[in-house]
Amino acid sequence: MEKIMIQGGRPLHGTVQISGAKNSAVALVPAAILAETTVVLENLPVISDVETYSEILVELGGDVSWDGNTMHIDPSRMISIPMHNGLVKKLRASYYLMGALLGRFGEATIGMPGGCSFEPRPIDQHIKGFEALGATVTNDHGSIHIYAKELRGAKVYLDVASVGATINIMLAATRAKGITTIENAAKEPEIIDVATLLNAMGAKIKGAGTGTIRIEGVDGLHGCRHSIIPDRIQAGTYMIAAAATRGNLLVDNIIPKHMEALTAKLEEMGVEILESGESLRVIGKADYEPIDVKALIYPGFATDLQSPMASLLTQASGVSMLTDYVYSNRFKYVPELMRMGAKIRVEGRSAIIERSKLHAATVKAADLRAGAALVIGGLLVEDGVTEVLGVEFIDRGYDNLVSNLTMLGAEIWRE
Ligand code: EPU
C-alpha cells in the first residue's frame with residue numbers, strides 16, 4: 001500500500017503552477033459524448049479521475065488520444081451501452097454520463113456513482129431534471145436507467161443549488177426540443193466552463209454562472225477546441241499550505257477572482273496576499289488570529305477547502321470555528337488530525353478548533369480533501385515523520401502534489 005511520508009517544519013517557498021480544474025475536467029470529458037466530431041480539451045490535470053473517465057469513453061466506443069495535457073476525443077462511433085459496475089463506481093462524476101448519453105442517444109444505464117463518500121450524496125435533483133425533460137427513470141438491478149423517446153425543454157427548479165444537477169440537466173437539455181430553464185442553478189466557475197465548451201460545440205446556453213440558466217435545444221453538436229479553467233481548489237490548498245508553514249509562495253496560473261472567499265478569510269487571519277495578474281502571492285506570518293469560516297455554495301467559501309483549512313486553523317492563537325453549510329458531516333478527517341495532536345471538537349455542522357502543536361503519526365485519508373488536510377498537517381510537524389495512507393484518494397484530484405511540494409522545499413516522498 002502506497003503512503004506519503006512527510007518530515008515537516010519547512011516553509012513553502014517558490015512558485016507553483018496550477019493545472020486545470022478537476023471538477024471541470026470530469027464534466028467536460030463526458031460532455032464530449034454529445035458531439036458528432038472530435039473535441040479537443042487542453043490543460044487537463046494529470047489525475048486518476050480524468051484517466052478513469054478516458055477509459056470509460058473508450059469502453060463506450062470513443063477514440064481517445066493524448067498529446068501532453070491535451071485530450072482528443074472522437075465520439076463519432078460511440079454507443080450507449082449499460083455501465084452497471086466497474087469504472088463508473090470509481091468516481092462520483094460518472095453521473096455526468098447520464099445527462100450526456102441521454103442527450104445524444106436518448107438512453108443511459110449507469111450504476112450509482114462511487115467516489116468520495118464522506119456522507120450520503122443523493123442525486124434526486126438530477127433525476128427530477130431528467131424527468132422534467134420527459135425522460136422515464138427506473139431502477140435497473142441497482143443501476144439507474146433513463147430513457148426518452150424525445151427530450152422536451154422544460155422549466156426545472158432545483159431544491160438545492162447542486163453543481164452536479166445543474167451540469168447534468170444542461171448536458172441533456174442541449175439536445176431537447178425547445179427551451180429549458182434551470183432555476184436556482186448552481187453558480188460555480190466549473191458550470192461556466194462547461195457551458196463555454198457546450199456553446200463552442202454549437203449549443204445555445206445563456207446565464208451560466210447566474211441562478212437562472214436558459215438552454216435552447218439544438219439538433220446536433222460538433223467538435224471544438226477548449227482550454228480548461230485552473231483548479232481553484234488545488235490553488236486554495238497550496239495557499240493554505242503556504243500560510244500554515246509560514247512560507248512565501250507564488251500561486252500562479254489561476255483566476256484570482258475564483259479565490260476571493262479564501263483570500264478574504266486568510267487576510268482576516270493575518271496572512272498577507274498580493275495579487276498580480278494571474279497569480280497570488282501568499283506570505284505567511286508567525287502568528288494568526290482565530291476566525292470563523294462558513295463553507296457555502298459559490299461564491300462563498302468552498303466546502304472542498306474546508307478540510308485543508310482545519311489544519312491551518314490549528315495554528316491560530318485562539319479558538320476558530322469552521323461550519324459547513326453544503327455537507328452536514330464532512331468531518332471524517334477530524335479524528336485523523338486529532339491523532340496528530342489537533343484539538344478539534346465537532347458539534348453538528350461545525351468543527352471548533354483550538355491552537356495545537358501537531359506531532360508525527362500514521363494517519364489515513366478517507367477522501368480526497370481529507371488527504372490534503374493530512375498532508376498540510378504533516379508539513380507542520382517538526383519532530384518525526386508523518387505517514388499519510390489513502391494516497392489513492394489524493395491522486396484522484398491533486399496533480400503532482402508530492403513533486404510540487406518537494407520543489408517548494410518540503411521534505412516529502414512516496415513509499
Ligand atoms: N444534493 C442533493 N440532491 C442532489 C444533489 C445534491 O440533496 O440531487 C445536495 C448534496 O447532498 C449536498 C449539496 O446538495 O449537500 C451540494 O451537492 P452538489 O450536487 O453541488 O455536489 P456535487 O455536484 O455532487 C460537486 C463537486 C464536489 C463539491 C460539491 C460542492 C464534482 C465532481 N464534485 O459535487 O467536489 O464538494 O460540488 O461544491 O464536481 C471534491 O472535489 O472533493 C468534491 C467532493
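Residues are numbered from 1 along each chain as its sequence is written, and side-chain values use heavy atoms, with hydrogens and water left out. Because the model is predicted, local features need pLDDT of at least 70 and side-chain atom pairs count only at pLDDT 80 or more, whereas totals for chains, interfaces and linings use all residues.

Helices (H or I, at least four residues) and strands (E, at least two) are DSSP runs numbered from the N terminus, and two strands are taken to pair if DSSP finds at least two bridges between them. Strand β5 (residues 70–74) pairs in the antiparallel sense with strand β3 (residues 39–42) over three bridges, and Met71 of β5 is the bridge partner of Leu41. Strand β4 (residues 63–67) also pairs with β5 in the antiparallel sense, over five bridges, with His72 of β5 as the bridge partner of Ser65. The hairpin of β4 and β5 has two residues between the strands, and Gly68 in this hairpin takes a positive phi near 65°.

A nonpolar core is a set of buried Ala, Val, Leu, Ile, Met, Phe, Trp, Tyr and Cys residues joined through side-chain atoms within 4.5 Å, where buried means under 20% relative accessible area, exposed over 50%, and partly exposed in between (1.4 Å probe, protein chains only). The largest such core holds 76 residues, of which Leu97 and Leu198 touch the most other members. Helix α5 (residues 163–173) provides the largest share of this core, seven residues. With contact meaning heavy atoms within 4.5 Å, and not counting residues up to four places away in sequence, the residues that Leu97 touches include Pro30, Tyr53, Met83 and Ile110. A second, separate core of 71 residues includes Ile6, Val251, Ala295 and Met309.

The ligand is surrounded by 24 residues, the closest being Gln125, Ser162, Asp304, Val326 and Arg369; a residue is counted here if one of its heavy atoms lies within 4 Å of the molecule. An oxygen atom of the ligand lies 3.0 Å from a polar side-chain atom of Lys22, and a polar side-chain atom of Arg330 is 3.3 Å from a ligand oxygen atom.

Ser162 lies in the loop between β9 (155–157) and α5, and counts as buried because its relative accessibility is 18%. Ser162 touches His126 and Ala186, not counting residues up to four places away in sequence.

Terms used:
A polar contact is a pair of N or O atoms within 3.5 Å; within protein, one must be able to donate a hydrogen and the other to accept it, and residues adjacent in sequence count only if both atoms are side-chain atoms.
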